[in-house]
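Thanks, everyone. I'll take a few minutes on one model, starting with its cores and then moving to a sheet.

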Amino acid sequence: MTAHAMVMLRRDFKHLTRNPTSVFNAVLMPIVLMLMFVYMLGDAFSVGVDYVDYATPGLMLMAVCYGLGGTATAVNADMTKGVINRFKVMDVSRGAVLTGHVVTSVLTNLIAIAALVGVAFLLGFDASASALDWLGVVGMIVLLATAAGWFTVALGLAAKSPETAGMAAVPLVMLPFFSSAIVPADKMGPGLREFAEYQPFTPIIETLRGLLAGGPSAGDVIPAIAWCIGIAVVGYVWARSTFSKRA
Amino acid sequence: MDHAIQAEGLVKRFGETTALDGVGLSVRAGTVLGLLGPNGAGKTTAVRIFATLLRPDDGHASVGGYDVVRQAHQARQLIGLTGQFAAVDEMLTGTENLLLIGRLLGMPRPAAKQRAHELLNDFDLADAADRAAKTYSGGMRRRLDLAASLVGRPSILFLDEPTTGLDPRARTELWTLIRRLVAGGVTVLLTTQYLDEADTLADEITVIDHGRVIAAGTPDELKAKTGSQTLVVRPEDDTQLPVVTAVVAELTKAVPEVDGPRVTAPVTDPAVLPAVVRRLDDAGVLVTELTLRGASLNEVFLSLTGRPVEDEPETEGRPA
């Protein structure tokens with residue numbers, strides 16, 4: 001990492017620690033959702049296994065998504081308040097400015113997921129994953145968080161105001177509900193079921209679910225990785241070009 | 001180097017809108033150019049091109065002898081930019097803001113700290129140094145913004161409407177700071193829609209409207225262009241106002257206005273002044289004030305564009 005990127009990263013961290021709302025959204029919301037689904041609704045779904053075991057992988061993905069609103073708002077505030085223009089005039093590379101936001105976003109996600117998994121264990125989460133599988137889980141999450149991070153940075157750069165940037169991230173928060181996160185896709189109605197089966201989050205969740213259960217299937221892992229790479233590339237290219245064009 | 005900032009034939013379009021339609025200007029090193037025009041005239045677009053943030057569609061611009069497109073990297077080493085909206089990091093304190101800039105400029109931490117400290121003192125922000133910038137008043141934010149653009153000691157400074165939205169006191173404070181910078185040898189290009197601001201700060205003024213330069217020169221030259229001047233006479237004794245009014249009316253062949261203790265009237269022939277002196281002397285009137293005042297820039301702008309300076313709605317692009 002360049003010296004600029006390190007300075008930017010330190011700045012973005014300071015933002016994070018001074019903004020309790022975004023920490024709440026990123027870290028506590030997924031835990032609230034977990035408690036709600038497992039305690040209130042869990043018994044209503046019959047998924048073949050303990051509901052906490054079923055829901056944890058999906059909630060891990062949702063934890064990534066809940067962190068994104070804060071990222072989009074932070075990036076947009078930098079853009080619309082002229083902070084990015086100042087950095088540009090100072091010849092700070094777009095790489096340094098944007099990477100700082102992506103890395104902060106990924107780290108927020110990792111903290112949120114660590115907290116979430118801790119709560120899951122307290123609720124009786126029983127993973128049969130080996131150390132290697134856990135490594136796979138971490139890898140999958142980092143890949144997803146990076147891809148979603150770049151995509152969200154691009155959304156944040158393109159939005160007109162911090163409010164619209166926050167709104168633009170909402171579909172990313174909603175999308176997991178229409179996947180296999182909460183209930184299996186084959187329990188959904190027609191139309192929705194097909195959507196849930198083919199949307200990017202489903203293979204990612206199934207990969208996490210497979211790894212935590214101790215045996216991922218290649219049929220999930222390959223599309224999951226392909227989706228992440230695709231989203232990352234689109235987000236990265238979009239973010240870079242928006243960064244250069246918008247002044 | 002004679003000219004610190006130069007531009008020829010700058011054209012910039014945003015879709016259907018032509019923001020700049022062949023703008024040329026030059027600023028001598030160590031002087032202040034006021035770029036004056038109503039909202040939507042293209043001032044901000046021009047500054048963004050000079051500051052290397054936008055590429056012109058046609059024409060070229062250079063700062064410190066470096067082309068802003070081909071030698072953007074070199075140009076950026078020389079310039080500072082303070083925009084319309086204070087670009088300070090609201091979550092960071094005053095010190096942290098300046099420290100961040102210093103570190104990004106590659107200064108070692110102690111040097112960056114030292115510089116931040118200096119600037120906060122100079123800009124009267126020392127007491128607020130450890131408070132988050134979001135708690136600052138509008139004037140304090142602008143001062144911090146200006147300080148941030150000075151961390152690297154730029155020799156060329158772009159100020160895009162630096163006092164828009166500030167109260168009169170904060171405005172005067174900022175003017176004082178800008179004058180001090182110029183005295184220190186910095187070249188300034190200042191955009192403004194306030195005529196008094198251009199009049200007070202600028203050595204030369206370029207007036208733009210609808211993306212074109214419509215006049216350029218020193219404030220006095222511009223005022224002289226409109227031709228008319230105003231005669232002001234103030235008698236020592238207020239009871240003599242009717243006498244003065246009669247004399248002025250006769251010599252200027254205009255209807256004088258009585259403005260408090262002063263009589264004013266438009267004048268086109270400068271020979272009126274000695275005639276007024278003789279006639280008032282003959283009439284035994286003592287005067288405490290007798291001046292021939294140039295037209296104000298407001299009047300200049302009105303005569304150049306056919307409308308007052310602030311009648312156009314905000315259309316200037318913050319292009320997406």
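**Cores, sheet and domains**

Please keep in mind that this is a predicted model. The largest nonpolar core holds 142 residues, and the members with the most contacts inside it are A:L61, A:L144, B:F50 and B:L189. The biggest share of this core comes from helix 3 of chain A, residues 51–80, which gives 17 residues.

Take A:L61. Beyond its neighbours within four places in sequence, A:L61 touches A:L144, A:P176, A:A181, A:F201, A:I204, A:I205 and A:L208. There is also a second, separate core, of eleven residues, and among them are B:L231, B:V247, B:V263 and B:L280.

Now the sheet in chain B. Six strands form an open sheet in the order 6-7-8-3-9-10, and the pairing is mixed. Which strands stand at the edges? They are strand 6, residues 79–82, and strand 10, residues 212–217; each has a single partner strand, so one side of each has no neighbour in the sheet. On average, and ignoring direction, neighbouring strands here are turned by 15° against each other.

Within that sheet, strand 7 of chain B (156–160) and strand 8 of chain B (187–192) run parallel and are joined by five bridges. B:F158 sits opposite B:L189 of strand 8, and B:L189 is one of the residues I listed for the largest core. Helix 5 of chain B, residues 138–150, packs on the sheet and touches strands 6 and 7, with its direction at about 165° to that of strand 6.

Last, the domains. Chain B is split into domain 1, 3–88 + 136–224, and domain 2, 228–294. Their centres, taken over C-alpha atoms, are 40 Å apart.

Note on methods: Residues are numbered from 1 along each chain as its sequence is written. Chains are lettered from A and ligands numbered from 1 in the order in which they are written. This is a predicted model: local features need pLDDT of at least 70, side-chain atom pairs count only at pLDDT 80 or more; totals for chains, interfaces and linings use all residues. Two strands pair if DSSP finds at least two bridges between them. Helices (H or I, at least four residues) and strands (E, at least two) are DSSP runs, numbered from the N terminus. Axes are lines fitted to C-alpha atoms, for helices over the stretch in contact, and angles run from 0 to 180 degrees between N-to-C directions. Two residues are in contact if their C-beta atoms, placed from the backbone, lie within 7 Å. Domain bounds come from an automatic or database domain assignment. A nonpolar core is a set of buried Ala, Val, Leu, Ile, Met, Phe, Trp, Tyr and Cys residues joined through C-beta atoms within 7 Å. A residue is buried if 20 or more other C-beta atoms lie within 10 Å of its own, exposed if 12 or fewer, and partly exposed in between; C-beta atoms are placed from the backbone.
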